[in-house]
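Please look over the sequence and the model shown here before reading the notes that follow.

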Amino acid sequence: MFAAIIVILLIWASMWAFYKFMYPRAPKSMMPQAGDVTTPRTCNFCGHSLAEYRGVLETQTQELNTEASQDQQQLFFCNYEHQADFHAGKTYQ
Ligand SMILES: [Zn+2]
């Protein structure tokens with residue numbers, strides 16, 4: 001009976017160590033910092049969803065500045081590559 005408990009504890013400990021090694025915590029720099037906006041946004045190029053602080057937010061100010069068009073003037077992209085491709089007129093495939 002005692003051996004069974006020891007075996008269960010041993011398996012639990014080795015599994016815990018295994019998962020600790022296989023899935024380490026993400027580095028601090030990857031975590032949201034204070035002041036980061038974590039609202040999910042959709043990329044205007046590929047359509048993937050990403051937290052706002054991880055991507056590129058582009059605000060166009062030179063055109064119409066009415067309250068109603070504020071939302072449409074904000075463009076969001078996963079990265080600068082998607083931003084460049086969007087403005088180059090390419091389509092995501
Ligand atoms: Zn994208």
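What percentage of contacts in the protein between residues at least 6 apart in sequence join residues at least 24 apart? The share is 41%, where two residues count as in contact if their C-beta atoms, placed from the backbone, lie within 7 Å.

## Model and confidence

This is a predicted model, in which local features need pLDDT of at least 70 and side-chain atom pairs count only at pLDDT 80 or more, while totals for chains, interfaces and linings use all residues. Residues are numbered from 1 along each chain as its sequence is written.

The protein averages a pLDDT (the predictor's confidence in each residue, from 0 to 100) of 86, and 87% of the residues score at least 70. Where pLDDT is low, the predicted coordinates should not be read in detail.

## Overall arrangement

The protein has three helices and four strands, which are DSSP runs (helices H or I, at least four residues; strands E, at least two) numbered from the N terminus. Along the sequence they follow the pattern α-β-β-β-α-β-α.

Buried residues (20 or more other C-beta atoms within 10 Å of their own, with C-beta atoms placed from the backbone) make up 9% of the 93 residues, and none of the 21 residues of α1 is buried.

## The loop at Gly-55

Gly-55 lies in the loop between β2 (49–51) and β3 (56–59), and is buried because 20 other C-beta atoms lie within 10 Å. Leaving aside residues up to four places away in sequence, Gly-55 touches several residues, including Arg-41, Cys-43, Phe-76 and Cys-78.

How values were computed: Buried ≥ 20, exposed ≤ 12 C-beta atoms within 10 Å, placed from the backbone.
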